[in-house]
Amino acid sequence: MKKMVISGIALAVSMVCMSAAYAESAVAAGPVRLAISGVGDAQFEYVDAVDAAVPAQDKPGRFRVSNVSSELAFRASVDLGDGMTGLVNYTTGISVDNANANTSGGMFGSAKDVYVGIAFANVGTVKLGRMTAAARWNSGTADFSPMGAGLQDDQGMLSGASGQSAVGPQFNVRFDNTLAFESASFGGLSARVYYSTNEGKSATGTANSPHLNDGSFSLGLQYVHGPLELRVSGEQRNDKGTLNGTTDHNTRDRDFRFGMRYTLPDGTVLGLGHDRMRLSDADATGTAKSLLTKHGTVISARHAFGKHVLYGGVGVGSDVRCEYGNGSACNGNDTGARNAVIAYQYVFNKQMMFETFAAIVKNEARGRYDFDSGGVGVPTGAQSRAIGAGLRYAF
């Protein structure tokens, strides 16, 4: 009994000391504001890929339950005085299925936006960490899917390169090791700049394996005026070896994107996205590609009426244009594709939503475009089809 009393007194003293320390901190720097939020989003789907150039490579129809970018986020801020606010954000992916039998990953997925920063009133915010850069930010302008993910995400024609590069283009992947500045809005115009450091820079290397210098850059501009929103982004990722799957120096992945939204008087929102991509490898030899370019366009719309929402989009991915290291002809004909999405949502309340959708990617004879998120691994020339329904809970 005596031990329990002593332990209780010790606990009470500790709590008083902690409260006093917090109070002192709050007086010195202002109260800390902490917000916890999250999303659980999963759906039941039927997918297939048929009419491939080689019929044996068709993907027969199958059912699956997919995690649609579920997440958990902790955000905190504190008033530092003189118009400054300290910020921290931890957002992690959450797994709600076993991801193709990968049962060792546990509940938590990969890190999303994770950063620490300072916001300066009427100027902007400086951030350090891992975050969404300008191309990824802009890609969602013409996409009305709730998480910018899932088979109902219409970004595939913008983000893909028809399977003609050794590694899928990385412009919809977050920047790591990043210093960023996101400006305040001045007359509706704002800017954001990201520098992903060259932490992977290698030593001097040899003639056959030149050193890497993987610093990357991203710039975005946004203009908002009444019902109109415009976005422009440019991004360059250095020495990622995307085109040929190499680790050689002098590879450059460049992307330019334009996005627009316009809200009509009845609340209908129209979207447009256009992307131009250029992947190059200056050291390519033989039949390794030295250059690949492509472009894609998406038009979309969203309309809400009461608890009901309809949205959809159609997109076109171009044939690629390419060059080989030895100067021989590179055939990019018939590598284009078309994509279409239609979706319906029933919004129970601010937390709970039901969604159902249908989507298709139809490739030309030599095309290998896939869905942007949740792709099925499309064989050459195939069309991928998907229908599904799911639930989303946000808090």
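**Surface patch and aromatic rings**

Reader: At 37% relative accessibility, how is Leu-80 classed: buried, partly exposed or exposed?
Author: Residues under 20% relative accessible area are buried, those over 50% are exposed, and those in between are partly exposed (1.4 Å probe, protein chains only). Leu-80 has 37% relative accessibility, so its class is partly exposed.

Reader: What pLDDT do local features need in this model?
Author: Residues are numbered from 1 along each chain as its sequence is written, and side-chain values use heavy atoms, without hydrogens and water. The model is predicted: side-chain atom pairs count only at pLDDT 80 or more, totals for chains, interfaces and linings use all residues, and local features need pLDDT of at least 70.

Reader: Which strand holds Leu-80?
Author: The protein chain has three helices and 18 strands. These are DSSP runs numbered from the N terminus (helices H or I, at least four residues; strands E, at least two). Leu-80 belongs to the strand of residues 71-81, E3.

Reader: What is the arrangement of the Tyr-346 and Phe-348 rings?
Author: Aromatic rings pair if their centres lie within 6.5 Å; planes under 30 degrees apart count as stacked, over 60 as edge-to-face and the rest as tilted. Tyr-346 is partly exposed at 26%, and Phe-348 is partly exposed at 41%. Their ring centres are 5.0 Å apart and their planes stand at 80°, so the pair is edge-to-face.

Reader: How many aromatic pairs are there?
Author: One aromatic cluster is formed by Phe-44, Tyr-46 and Phe-63. By the pairing rule, the count of aromatic pairs is four.

Reader: Over which ring does Arg-192 lie?
Author: A charge sits over a ring if NZ of Lys or CZ of Arg is within 6 Å of the ring centre and within 35 degrees of the ring normal. The charged end of Lys-127 sits over the ring of Tyr-115, 4.2 Å from its centre. At 4.3 Å from the ring centre, Arg-192 lies over the face of Trp-137.

Key: Phe/Tyr/Trp six-rings, centres within 6.5 Å; stacked < 30°, edge-to-face > 60°.
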